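Hello,

I am passing this structure on to you, with some notes on what turned up in it. Have a look at it first, and then read on.

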Amino acid sequence: MAKKIEKEIEIMEETKVKPFQKFLLLVLIPLLIVITLGLIIATATGVNVFEKAKSYTAKIPIVGSLAQKENAAGIKNIEKNVNDLQNQLNDRNAEITQLQEKLDSKDTELQKAKLDNSQLQQDMKDLNAAQKESKRALKDIVSTYETMSPKKSAPIIAKMTDTEALKILSSVKPEALAAIMENMDSTQAARFTELMTNTDASSQPSKP
């Protein structure tokens with residue numbers, strides 16, 4: 001009984017194996033041989049099998065539409081990346097332009113400050129020179145009135161403005177001042193004396 005069962009199993013396995021062997025021998029192996037020969041012949045004749053397959057695939061409606069959609073999506077992604085990079089580049093260029101404008105403005109302000117400083121220094125030099133010249137001229141005038149006789153200098157000083165007269169009277173030597181005052185009208189002498197006293201008082205520092 002057991003031998004009979006084993007024999008039946010062997011027969012069943014043989015019946016299963018034989019169709020698969022037939023498929024290999026009759027279909028799959030010849031197909032592989034044909035494909036291999038086709039590739040060899042195509043390569044020898046310079047035909048790009050893959051390009052041909054791609055063109056044939058594009059002719060198939062479903063496959064071609066899928067390929068076109070993938071290409072369109074890829075192109076859109078590339079365009080989006082290019083646009084993003086262009087926008088970033090434009091933003092950077094705008095920032096660089098703003099920084100350059102600020103730098104140019106600072107340079108302009110610096111140049112203006114240098115010119116103002118140079119002008120101020122020149123004005124100070126001119127003022128110092130004018131003050132020195134004024135002091136020199138006053139010194140010469142005072143020296144002239146000191147050497148002039150009081151009878152001649154007193155009437156001239158009396159006709160001057162209070163500011164001019166005070167400059168001379170405050171700068172001459174005490175002996176020359178006393179002689180000039182003696183040759184002035186008493187009213188004029190008293191007025192100049194009062195002006196010089198007030199000037200001396202205002203020029204002295206106040207006591208704490």
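Which residues does valine 142 touch, not counting residues up to four places away in sequence? The partners are Ile168, Ser171 and Val172, where contact means heavy atoms within 4.5 Å.

Before going further, a word on the source: this is a predicted model, in which local features need pLDDT of at least 70 and side-chain atom pairs count only at pLDDT 80 or more, while totals for chains, interfaces and linings use all residues. Residues are numbered from 1 along each chain as its sequence is written, and side-chain values use heavy atoms, with hydrogens and water left out.

Overall layout

The chain has seven helices and zero strands, and reads α-α-α-α-α-α-α along the sequence. Helices (H or I, at least four residues) and strands (E, at least two) are DSSP runs, numbered from the N terminus. Of the 208 residues, 11% count as buried; buried means under 20% relative accessible area, exposed over 50%, and partly exposed in between, with a 1.4 Å probe and protein chains only. Taking contacts between residues at least 6 apart in sequence, 55% join residues at least 24 apart.

Helix α3

Valine 142 is found in helix α3 and counts as buried because its relative accessibility is 7%. Its C-alpha atom is separated by 10.0 Å from that of alanine 176, 34 residues apart along the chain.

Glutamate 146 also lies in α3, but this residue is partly exposed, with a relative accessible area of 26%. Leaving out residues up to four places away in sequence, glutamate 146 touches Ser171, Val172, Lys173 and Ala176. Between the C-alpha atoms of glutamate 146 and alanine 179, 33 residues apart along the chain, the separation is 9.8 Å.

Helix α4

The buried residues of α4 include Ser153, Ala154, Ile157 and Ala158. Seen down the helix axis, the buried residues of α4 fall within an arc of 130 degrees, so they line one face of the helix; the arc is that of the directions from the helix axis to the C-beta atoms. On the face turned away from this buried side are the exposed residues Lys151 and Lys152.

Serine 153 has 0% relative accessibility, which means that it counts as buried. Apart from residues up to four places away in sequence, serine 153 touches Tyr145, Met148 and Ile180. Isoleucine 156, found in the same helix α4, is partly exposed, with a relative accessible area of 39%. With residues up to four places away in sequence again left out, isoleucine 156 touches Tyr145 and Met148. The C-alpha atoms of isoleucine 156 and tyrosine 145 are 9.7 Å apart, and the two residues are eleven apart along the chain.

The nonpolar core

A nonpolar core is a set of buried Ala, Val, Leu, Ile, Met, Phe, Trp, Tyr and Cys residues joined through side-chain atoms within 4.5 Å. The largest one has 17 residues, of which Ile157, Ile168, Leu169, Ile180, Met181, Met184 and Phe192 touch the most other members. At least two residues of this core come from each of α3 (61-147), α4 (150-158), α5 (162-171), α6 (174-182) and α7 (186-203). Helix α5 gives the most, with four residues.

Setting aside neighbours within four places in sequence, isoleucine 157 is in contact with Tyr145, Ala165, Ile168, Leu169, Ile180, Met184 and Phe192.

The largest pocket

On a 1 Å grid over the protein atoms alone, a pocket is an open set of points where a 1.4 Å probe fits, with protein on both sides within 12 Å along at least five of seven lines; lining residues have an atom within 4 Å of a point. The largest pocket holds about 160 Å³ of space. Its lining is made up of Ser134, Lys135, Ala137, Leu138, Ile141, Met160, Glu164, Lys167 and Ile168. The elements that give two or more residues to this lining are α3 and α5, and α3 gives the most, with five residues. By type, the lining divides into five nonpolar, one polar and three charged residues.

How values were computed:
Grid points are joined across faces, edges and corners, and a volume is the space filled by probe spheres set on the points. Ala, Val, Leu, Ile, Met, Phe, Trp, Tyr, Cys and Pro count as nonpolar, Asp, Glu, Lys and Arg as charged, and the others, Gly among them, as polar.
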